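This report describes the fold and selected local features of one protein chain. The sequence and the structure are shown below.

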Amino acid sequence: MAENPEKLASYQAQTGVVESARFVLELEFIQCLANPHYLNWLAQNKYLEDKAFLNYLKYLEYWRQPQYASYIRFPHCLAMLDLLQSEHFRQAIVSPMVTEELHSQQFFYWAHYRTNRIKEAAAAAQAAGQAKEEAADGTQQADAVAAAAAAVPPTEGAHRQPDA
C-alpha cells in the first residue's frame, strides 16, 4: 500500500490514521483486551453489541500469527479475544461479579504461573531420573543373568547329537 500514494491518502482519509501508526494503535488496543475491567466497560457502553466493533474484533485475529504475536506483552489478550467471539461471554462480562471473578482468576494465574512451571519441571526431571535408574537397573539385571548363565558349565551330553 505504501507504494501507491492514492491508496495511502484514501486509507488515511477513511481512518484518520497514517498506515505506520496503525500497527501501534492496534497493538495497544488488543493488549487492552487483557484487562477484564476494560471489557466490562466496553460491554456496559454497548460496544460489544455493535456489529462493526465485532467485525473489528474478528479482524484482529491476525495478531495470532507468530510474526505479530511476538510483539504482544500480555498474552491473555488473545484468550480474551477468543472469549469475545462468544455471545454468551459478551453478555456475561457486563456483570461486575463476572468481571471480578475473571480478574481474580487472571491474577492467580499470573501470581502462580512461574512457581507451577518450576514444580512441573522438577517433577518431570525427577520422573526422567527415575526412568533412567530403572533402565540402568534393568540392564544391570540382564547383564547379571547373562553372566550367571555363562558361568554355569554345560551338563554332560548337552551338545551331543540325538541318536538316530
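Is T99 buried or exposed? T99 counts as buried, at 2% relative accessibility, where buried means under 20% relative accessible area, exposed over 50% and partly exposed in between, with a 1.4 Å probe and protein chains only.

## Basis of the model

The model is predicted, so that local features need pLDDT of at least 70 and side-chain atom pairs count only at pLDDT 80 or more, whereas totals for chains, interfaces and linings use all residues. Residues are numbered from 1 along each chain as its sequence is written, and side-chain values use heavy atoms, with hydrogens and water left out.

## Overall fold

The chain contains eight helices and zero strands, and its elements follow the order α-α-α-α-α-α-α-α from the N terminus. Helices are DSSP runs of H or I with at least four residues, strands are runs of E with at least two, and both are numbered from the N terminus.

Of the 164 residues, 21% count as buried. The accessible surface of the chain is about 12100 Å², and carbon and sulfur atoms contribute 59% of it; such areas come from the Shrake-Rupley method with a 1.4 Å probe, and for residues only the protein chains shown count as cover. Among contacts (heavy atoms within 4.5 Å) with a separation of 6 or more, 63% join residues 24 or more positions apart.

T99 is located in helix 8, which spans residues 96-151. Leaving aside residues up to four places away in sequence, T99 touches P36, H37, N40 and I93. N40 belongs to helix 3, residues 36-44, and is buried because its relative accessible area is 11%.

In helix 4 (residues 51-59), F53, L54 and L57 are buried. They lie on the same side of helix 4 because they cover an arc of only 100° around the axis; the arc is that of the directions from the helix axis to the C-beta atoms. The cover over these buried residues includes helix 2 (19-32), helix 3, helix 6 (76-83) and helix 7 (87-92). The face turned away from the buried side carries the exposed residues K51, A52 and K58.

At the start of helix 4, a side-chain oxygen of D50 comes to within 3.2 Å of the backbone nitrogen of A52. The loop between helix 3 and helix 4 includes K46, whose phi is near 65°, a positive value in a residue other than glycine. Most residues other than glycine have a negative phi.

## A nonpolar surface patch

F74, Y109, W110 and Y113 form a nonpolar patch on the surface, with about 440 Å² of accessible area together. Patches consist of residues with over 30% relative accessible area and no salt bridge, in which like charges are joined within 9 Å and nonpolar side chains (Val, Leu, Ile, Met, Phe, Trp, Tyr) within 5 Å. A salt bridge is a side-chain nitrogen of Lys or Arg within 4 Å of a carboxyl oxygen of Asp or Glu.

Note on methods:
Polar contact = N/O pair within 3.5 Å; in protein donor to acceptor, adjacent residues only side chain to side chain.
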